[in-house]
Amino acid sequence: MGETETGARAMRPVLRVLGGEALTPPPAWMMRQAGRYLPEYRELRAKAGSFLDLCYTPDFAAEVTLQPIRRFGFEAAILFSDILVVPHALGQGVRFVEGEGPRLDPVADRAEIEALREPGDARIMAHLGPVFETVSRVRAALPRETTLLGFCGAPWTVASYMIGGRGTPDLAPARGLAARDPALLDALLNRLVTVSVEYLARQLEAGADAVQIFESHAGALPALPAGETGDALARFSFRPIARMVAGLRARVPGARVIVFPRGSGLDGHVRALAETGADAVGVDWDVDLASVRARLPAAAVTQGNLSPETLIEGGAALDAAVDAILAATAGHPHVFNLGHGITPQTPIPHVERMLARLRS
Ligand code: CP3
């Protein structure tokens, strides 16, 4: 990293907060900020072909990453890609069905898991090459003060799609494997840990400033019967993520990591920060942010929590929700964000109102 780049990083507000500084107002970005609520996204999406073509075409992926930055001036851009490019790179069949979401050729038994590419297989990172190319193009085009976030899915969340073949409401297939053969699930998670460390390291090397690990399906784990698996949230989520964080920092010293343990409840959010070693915890909108803050050390870094439904509602309810987040995090390092991804029906003026309220 050159001296100019070091200097530039020092003035990126999101990075400063991830390093423990409390900023007023807090810097902001939105999960899924590049997406179907934006007409410019829908226009480019129609040209790109399939959703995966969009992810793997650096010109297009870089452009949609930049769209919400140009329109709203968010303090962070997030790489446009998907958590399911990793199973795809492992050789699993992945496609996105219009209006239905992702479909994978499920892996269910030892033979199918062992048939996936081994973590050291050069074809995996070669497959992901366009993602790294997108990262470096975005970094070159972004304003100096804008933080660029890379990301991947946490091993359990990615595995739940690999096993279920789709987003099943209760994650029955993945929970079934956890109950039937927890050691086999551990083995799959381990492979994902190794591949994800390399994947994130290369995103950082290509120009990402920090990364977010999406554990969107953490919520299915506390409910697992303890039985032989013991503490399922620790075993299948937090410990694999902790190995990722440690492995990443060994590869890229000082790497900054946000963990997003969606659905894990108040206790899960507090534990996630302590047990994974991440720098910051993304708080979903099911938990009360003030209660999370009360349980965390004053210097802990939080992100998120605004309900995507309140953003759709807009008006006074939105103003009140923004104010409540500011009140709950005053004096503490916090990155303003939603508690889950923005949805396609969100009116753009509501996003503008949210930012105006935040920055007023
Ligand atoms: O946040 C961003 O703007 C960056 C891009 C991003 C996408 N997916 C683009 C996307 C990120 C960070 C993700 C992560 C992701 N993908 C997660 C974790 C975050 C979360 O939402 O909990 C998960 C579980 C996935 C898997 C996935 N991808 C699903 C279940 C779906 C279908 C649901 C839907 O919204 O359509 C996707 C598709 C997807 N990923 C879209 C986008 C913009 C919509 C695809 C389209 O344009 O048709």
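The model is predicted: local features need pLDDT of at least 70 and side-chain atom pairs count only at pLDDT 80 or more, while totals for chains, interfaces and linings use all residues. Residues are numbered from 1 along each chain as its sequence is written.

Me: What makes the radius of gyration of the protein chain agree with that of a compact globule?
Reply: The radius is taken over C-alpha atoms, and the globule rule is 2.2 Å times the number of residues to the power 0.38. For 360 residues a compact globule would have a value near 21 Å, and the protein chain has 19 Å, which agrees. The C-alpha atoms fill a box of roughly 55 × 45 × 45 Å, taken along the principal axes.

Me: Why is helix α3 said to lie largely in the open?
Reply: A residue is buried if 20 or more other C-beta atoms lie within 10 Å of its own, exposed if 12 or fewer, and partly exposed in between, with C-beta atoms placed from the backbone. Of the 10 residues of α3 (residues 39–48), the number buried is 1, so the helix lies largely in the open. In the protein chain, buried residues make up 48% of the 360 residues.

Me: How many helices and strands does the protein chain have?
Reply: The protein chain has 18 helices and 9 strands. These are DSSP runs numbered from the N terminus: helices are H or I with at least four residues, and strands are E with at least two.

Me: Why are β1 and β9 called edge strands?
Reply: Two strands pair if DSSP finds at least two bridges between them. The open sheet of 7 strands has the order β1-β4-β5-β6-β7-β8-β9, with parallel pairing. Strands β1 (76–78) and β9 (334–335) each pair on one side only, and these are the edge strands.

Me: How do you know that β6 and β7 pair?
Reply: Strand β6 (residues 257–260) is joined to strand β7 (residues 280–283) by 2 bridges, and the two run parallel. The bridge partner of Val 259 in β7 is Val 281.

Me: What makes a set of residues a nonpolar core?
Reply: Such a core is a set of buried Ala, Val, Leu, Ile, Met, Phe, Trp, Tyr and Cys residues joined through C-beta atoms within 7 Å. The largest has 111 residues, and those with the most contacts inside it are Leu 149, Ala 159, Ile 213 and Val 257. Helix α12 (residues 182–206) gives the most to this core, with 12 residues.
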